[in-house]
Amino acid sequence: YLFQKDIHKVIHIIFNSISEALENGDRVELRGFGAFGVKKRQARIGRNPRSGHPVPIPEKNIPFFKMGKSMRQRINK
């Protein structure tokens with residue numbers, strides 16, 4: 001049996017490892033589950049919803065998750 005505090009530590013370590021890999025620009029793949037990666041979002045002009053004035057939005061990196069084929073098949077059964 002695993003105690004709740006031990007499970008919490010394991011999950012924390014896994015999430016930290018994924019976060020560190022994404023910070024370094026790496027891709028993390030969990031077979032049968034999916035892949036985490038980073039995409040670059042280009043700079044663009046947005047709009048302030050209150051005033052309607054154009055606002056420049058700088059380019060930035062965003063995390064993304066792509067579901068694996070076997071996970072998609074299990075969900076869609």
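I looked up Ile 11 and found a relative accessibility of 41%, so Ile 11 counts as partly exposed (buried is under 20% relative accessible area, exposed over 50%, partly exposed in between, with a 1.4 Å probe and protein chains only). The model is predicted: local features need pLDDT of at least 70, side-chain atom pairs count only at pLDDT 80 or more, and totals for chains, interfaces and linings use all residues. Residues are numbered from 1 along each chain as its sequence is written, and side-chain values use heavy atoms, with hydrogens and water left out.

I placed Ile 11 in helix H1, residues 4–23 (helices are DSSP runs of H or I with at least four residues, strands runs of E with at least two, numbered from the N terminus).

I then listed the buried residues of H1, which are Ile 18, Ala 21 and Leu 22. Seen down the helix axis, they fall within an arc of 105°, so they line one face of H1 (the arc is that of the directions from the axis to the C-beta atoms). These buried residues pack against strands S1 (28–30), S2 (34–41) and S5 (60–67) (contact means heavy atoms within 4.5 Å). On the face turned away from the buried side I noted exposed residues, among them Lys 5, His 8 and Glu 20.

I turned next to the salt bridges, of which the structure holds three (a side-chain nitrogen of Lys or Arg within 4 Å of a carboxyl oxygen of Asp or Glu). Glu 59 pairs with Lys 40, the closest N and O atoms being 3.7 Å apart. This pair links distant parts of the chain, 19 residues apart. Arg 27, Glu 29 and Arg 31 are linked in a network of salt bridges.
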